[in-house]
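Try each task before you read its solution.

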Amino acid sequence: ANIGIGGGEEDTHTHLRFDGIPKDTKIVRVSTHLIVDKAATNGLNFFAVQVNFPNKTWAHGGPQVNSGAEKANWGGLVNRGGGSKDYKEVNWQEDLKLIECGVDKPNTVPWKWDRSREYILTVERGEQVKLPAGTNEHFKVTVPERAMWRWNFTIKPVDDKGHEAYTAFIYDSADYFSSFYLWNE
């Protein structure tokens, strides 16, 4: 089914929630097709899939246009009530035991993408790894050894014609997610 999110749609949405998933379902992969037909040149336009883990963490990823600059994002935080609160009330000493982002590259990076082109956004669980104890160089806090799951994210054009896919990963202590959303802002 085709679902429109944003302006110009008969039934406008900014967030699309998928109800009816049994509470005990352990989801390890979600994939969606995305076509962005237009994006404002000012401010942030973020077209994302979000997954919510049972350890009260979340991650979201997708293409962005930020004041005209094309980018891609894959990152997440501990849920402290949602919105700006999740960003302002971080406690890296504890949070890095649950979720760690920006390991191989920053959460948001430049990435060329095209309007009116179809992309497949996929979140899927990878292997479980042991992260060593030590000082996290980015946040300058000491963390214990942790068993974490690698969560891979890709944005891939359907037609594959001369356009590289975006790939990134995060680590999360949860081995599944329990819900997911599609949204734009």
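**Exercise 1.** Find how strand 4 and strand 5 pair, and over how many bridges.

*Solution.* In this predicted model, start with strand 4 at residues 57-66 and strand 5 at residues 69-78. They pair in the antiparallel sense, over 10 bridges.

Six strands form an open sheet in the order 1-13-3-4-5-7, with antiparallel pairing. Strand 1 (15-17) and strand 7 (108-110) each have a single partner strand, so one side of each has no neighbour in the sheet. From one strand to the next, the twist averages 15°.

**Exercise 2.** Classify the ring pair of Phe47 and Trp113, and say which parts of the chain the pair ties together.

*Solution.* The whole structure holds 13 aromatic pairs. Phe47 lies in strand 3 and Trp113 in the loop between strand 7 and strand 8, so the pair ties together parts 66 residues apart in sequence. Both residues are buried. Arg115 also lies over the face of Trp113, 4.4 Å from the ring centre.

**Exercise 3.** Are Phe153 and Tyr166 buried or exposed?

*Solution.* Buried means under 20% relative accessible area. Phe153 has 1% relative accessibility, so Phe153 counts as buried. Tyr166 has 2%, so Tyr166 is buried too. Ring pairs link both into a cluster with Trp74, Trp111 and Tyr119.

Definitions and conventions
Residues numbered from 1 in each chain as written. Predicted model: local features only at pLDDT ≥ 70, side-chain atom pairs only at ≥ 80, totals over all residues. Heavy atoms only, no water. Pairing = 2+ DSSP bridges. Helix = DSSP H or I, 4+ residues; strand = E, 2+ residues; numbered from the N terminus. Axes fitted to C-alpha atoms, helices over the stretch in contact; angles between N-to-C directions. Phe/Tyr/Trp six-rings, centres within 6.5 Å; stacked < 30°, edge-to-face > 60°. Buried < 20%, exposed > 50% of the residue type's maximum accessible area, 1.4 Å probe, protein only. Lys NZ or Arg CZ within 6 Å of the ring centre and 35° of its normal.
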